[in-house]
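Here is a short tour of a protein model, written for someone who likes to check atoms and distances. Please have a viewer open as you read.

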Amino acid sequence: MLLRLAYLTVTNAFAALRLLPMSDRDKDVEIATDRTFLPDIQRQLAETQSLVATRQARHTERYGEPMSEANIWLEQRNAEIRSMQLEIVALEAQPADSTTVVRGAGVLGRTGYQNTATTPDSKGTQRA
(Lines give C-alpha, C1' and ligand atoms only; values in the text may rest on other atoms or scores of the structure.)
Protein backbone atom coordinates (compact mmCIF):
# COMPACT_ATOMS: atom_id res chain seq x y z
CA MET A 1 0.00 0.00 0.00
CA LEU A 2 2.80 2.40 0.93
CA LEU A 3 4.66 1.53 -2.27
CA ARG A 4 1.58 2.34 -4.36
CA LEU A 5 1.18 5.69 -2.59
CA ALA A 6 4.83 6.54 -3.31
CA TYR A 7 4.38 5.54 -6.97
CA LEU A 8 1.27 7.72 -7.37
CA THR A 9 2.99 10.66 -5.69
CA VAL A 10 5.99 10.44 -8.01
CA THR A 11 3.89 10.05 -11.20
CA ASN A 12 1.64 12.98 -10.23
CA ALA A 13 4.70 15.12 -9.52
CA PHE A 14 6.15 14.34 -12.96
CA ALA A 15 2.81 15.09 -14.63
CA ALA A 16 2.61 18.46 -12.86
CA LEU A 17 6.20 19.30 -13.80
CA ARG A 18 5.47 18.51 -17.44
CA LEU A 19 2.65 21.07 -17.52
CA LEU A 20 4.59 23.91 -15.90
CA PRO A 21 6.49 25.20 -18.97
CA MET A 22 3.40 25.07 -21.20
CA SER A 23 1.27 28.07 -22.00
CA ASP A 24 -2.53 27.71 -21.92
CA ARG A 25 -2.60 27.55 -25.72
CA ASP A 26 -0.03 24.71 -25.73
CA LYS A 27 -2.17 22.76 -23.27
CA ASP A 28 -5.25 23.22 -25.47
CA VAL A 29 -3.47 21.86 -28.53
CA GLU A 30 -3.12 18.48 -26.88
CA ILE A 31 -6.90 18.12 -26.66
CA ALA A 32 -8.21 17.26 -30.10
CA THR A 33 -11.09 15.37 -31.65
CA ASP A 34 -12.53 14.62 -35.05
CA ARG A 35 -15.97 13.81 -36.43
CA THR A 36 -15.76 10.15 -35.40
CA PHE A 37 -16.28 11.24 -31.77
CA LEU A 38 -19.40 13.32 -32.51
CA PRO A 39 -21.89 10.72 -31.14
CA ASP A 40 -19.84 10.42 -27.93
CA ILE A 41 -19.71 14.18 -27.43
CA GLN A 42 -23.45 14.48 -28.09
CA ARG A 43 -24.11 11.71 -25.54
CA GLN A 44 -21.87 13.42 -22.97
CA LEU A 45 -23.68 16.70 -23.57
CA ALA A 46 -27.09 15.09 -23.02
CA GLU A 47 -25.86 13.34 -19.85
CA THR A 48 -24.38 16.57 -18.46
CA GLN A 49 -27.55 18.53 -19.21
CA SER A 50 -29.63 15.81 -17.53
CA LEU A 51 -27.33 15.85 -14.49
CA VAL A 52 -27.68 19.65 -14.18
CA ALA A 53 -31.48 19.42 -14.45
CA THR A 54 -31.59 16.68 -11.79
CA ARG A 55 -29.32 18.60 -9.41
CA GLN A 56 -31.31 21.80 -9.97
CA ALA A 57 -34.55 19.97 -9.14
CA ARG A 58 -33.06 18.44 -5.97
CA HIS A 59 -31.67 21.82 -4.90
CA THR A 60 -35.04 23.47 -5.45
CA GLU A 61 -36.79 20.71 -3.45
CA ARG A 62 -34.35 21.07 -0.59
CA TYR A 63 -33.93 24.87 -0.43
CA GLY A 64 -37.07 26.15 -2.16
CA GLU A 65 -35.15 27.99 -4.87
CA PRO A 66 -32.99 27.02 -7.86
CA MET A 67 -29.23 26.83 -7.59
CA SER A 68 -27.58 30.22 -8.12
CA GLU A 69 -25.56 30.79 -11.30
CA ALA A 70 -22.72 31.75 -8.92
CA ASN A 71 -22.62 28.18 -7.55
CA ILE A 72 -19.19 26.82 -8.43
CA TRP A 73 -20.48 23.35 -9.34
CA LEU A 74 -23.16 24.78 -11.64
CA GLU A 75 -20.71 27.28 -13.12
CA GLN A 76 -18.30 24.49 -14.09
CA ARG A 77 -21.05 22.25 -15.53
CA ASN A 78 -22.34 25.19 -17.61
CA ALA A 79 -18.78 25.79 -18.88
CA GLU A 80 -18.57 22.11 -19.87
CA ILE A 81 -21.92 22.34 -21.66
CA ARG A 82 -20.88 25.45 -23.59
CA SER A 83 -17.60 23.80 -24.52
CA MET A 84 -19.28 20.64 -25.81
CA GLN A 85 -21.85 22.69 -27.74
CA LEU A 86 -19.06 24.62 -29.48
CA GLU A 87 -17.25 21.39 -30.25
CA ILE A 88 -20.41 19.87 -31.74
CA VAL A 89 -21.02 22.95 -33.91
CA ALA A 90 -17.44 22.83 -35.20
CA LEU A 91 -17.63 19.09 -35.95
CA GLU A 92 -21.07 19.28 -37.58
CA ALA A 93 -19.81 22.05 -39.89
CA GLN A 94 -17.35 19.58 -41.43
CA PRO A 95 -18.26 17.19 -44.26
CA ALA A 96 -19.36 13.72 -43.08
CA ASP A 97 -16.21 12.06 -44.45
CA SER A 98 -13.86 14.68 -42.98
CA THR A 99 -10.92 13.65 -40.84
CA THR A 100 -10.10 17.25 -39.88
CA VAL A 101 -9.22 17.61 -36.23
CA VAL A 102 -10.87 20.19 -33.97
CA ARG A 103 -8.37 21.55 -31.44
CA GLY A 104 -9.36 21.80 -27.84
CA ALA A 105 -12.75 21.45 -26.28
CA GLY A 106 -14.62 24.56 -27.32
CA VAL A 107 -11.56 26.65 -28.18
CA LEU A 108 -13.41 28.35 -31.00
CA GLY A 109 -15.55 30.15 -28.42
CA ARG A 110 -12.69 31.36 -26.25
CA THR A 111 -11.68 34.98 -26.23
CA GLY A 112 -8.49 35.56 -28.19
CA TYR A 113 -8.56 32.23 -30.03
CA GLN A 114 -7.67 32.45 -33.69
CA ASN A 115 -8.27 29.66 -36.12
CA THR A 116 -4.79 28.99 -37.54
CA ALA A 117 -6.25 27.63 -40.77
CA THR A 118 -7.42 31.11 -41.79
CA THR A 119 -5.12 33.43 -39.88
CA PRO A 120 -2.48 35.25 -41.91
CA ASP A 121 1.06 34.97 -40.58
CA SER A 122 3.42 37.91 -39.98
CA LYS A 123 4.13 38.10 -43.75
CA GLY A 124 0.43 38.31 -44.63
CA THR A 125 0.16 34.84 -46.17
CA GLN A 126 -2.48 32.34 -45.13
CA ARG A 127 -1.29 29.51 -42.92
CA ALA A 128 -2.64 26.01 -43.47
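## The chain as a whole

Please keep in mind that this is a predicted model. The chain has four helices and two strands, and along the sequence these elements follow the pattern α-α-β-α-α-β.

Of the 128 residues in the chain, 23% are buried. The accessible surface comes to about 9600 Å², and carbon and sulfur atoms account for 58% of that area. If you take the contacts between residues at least 6 apart in sequence, 55% of them join residues at least 24 apart.

## Helix H3

Helix H3 covers residues 38-63. Its 26 residues should span 38 Å at 1.5 Å a residue, and the C-alpha atoms at its ends are 37 Å apart, which agrees.

The buried residues of H3 are Leu38, Ile41, Leu45, Thr48, Val52 and Gln56. Gln56 is worth a look in your viewer. Its relative accessible area is 18%, and the cut-off for buried is under 20%, so Gln56 counts as buried. Leaving out residues up to four places away in sequence, Gln56 touches Pro66, Met67 and Leu74.

## Helix H4

Helix H4 takes in residues 72-92. From first C-alpha to last, its 21 residues reach 30 Å, close to the 30 Å expected at 1.5 Å a residue. At the start of this helix, a side-chain oxygen of Asn71 comes to within 2.8 Å of the backbone nitrogen of Trp73.

The buried residues in H4 are Leu74, Arg77, Asn78, Ile81, Ser83, Met84, Glu87, Ile88, Ala90 and Leu91. Two of these names return in the contacts of Leu38: setting aside neighbours within four places in sequence, Leu38 is in contact with Ile88, Leu91 and Glu92.

## The nonpolar core

Which residues make up the largest nonpolar core? There are 12 in all: Leu38, Ile41, Leu45, Val52, Met67, Leu74, Ile81, Met84, Ile88, Ala90, Leu91 and Val102. The elements that contribute two or more residues to this core are H3 and H4. H4 provides the largest share, with six residues.

Met67 and Leu74, both in the core, are touched by Gln56, a residue found in helix H3. Leu38, another core member, has Ile88 and Leu91 among its contacts.

## Two salt bridges

How many salt bridges does the structure hold? There are two. One joins Arg43 to Glu47, with the closest N and O atoms 3.2 Å apart. These residues are four apart in helix H3, so about one helical turn separates them. Both partners are partly exposed: Arg43 has a relative accessible area of 41%, and Glu47 has one of 45%.

The other salt bridge brings together the side chains of Arg77 and Glu80, at 2.9 Å from N to O. Arg77 and Glu80 are three residues apart in helix H4, so here too the separation is about one helical turn. What sets the partners apart is their accessibility. Arg77 counts as buried at 16% relative accessibility, whereas Glu80 is partly exposed, with a relative accessible area of 34%.

Terms used. Residues are numbered from 1 along each chain as its sequence is written. This is a predicted model: local features need pLDDT of at least 70, side-chain atom pairs count only at pLDDT 80 or more; totals for chains, interfaces and linings use all residues. Side-chain values use heavy atoms; hydrogens and water are left out. A salt bridge is a side-chain nitrogen of Lys or Arg within 4 Å of a carboxyl oxygen of Asp or Glu. Buried means under 20% relative accessible area, exposed over 50%, partly exposed in between (1.4 Å probe, protein chains only). Contact means heavy atoms within 4.5 Å. Accessible areas come from the Shrake-Rupley method with a 1.4 Å probe; for residues, only the protein chains shown count as cover. A nonpolar core is a set of buried Ala, Val, Leu, Ile, Met, Phe, Trp, Tyr and Cys residues joined through side-chain atoms within 4.5 Å. The expected span of a helix is 1.5 Å times one less than its number of residues. A polar contact is a pair of N or O atoms within 3.5 Å; within protein, one must be able to donate a hydrogen and the other to accept it, and residues adjacent in sequence count only if both atoms are side-chain atoms.
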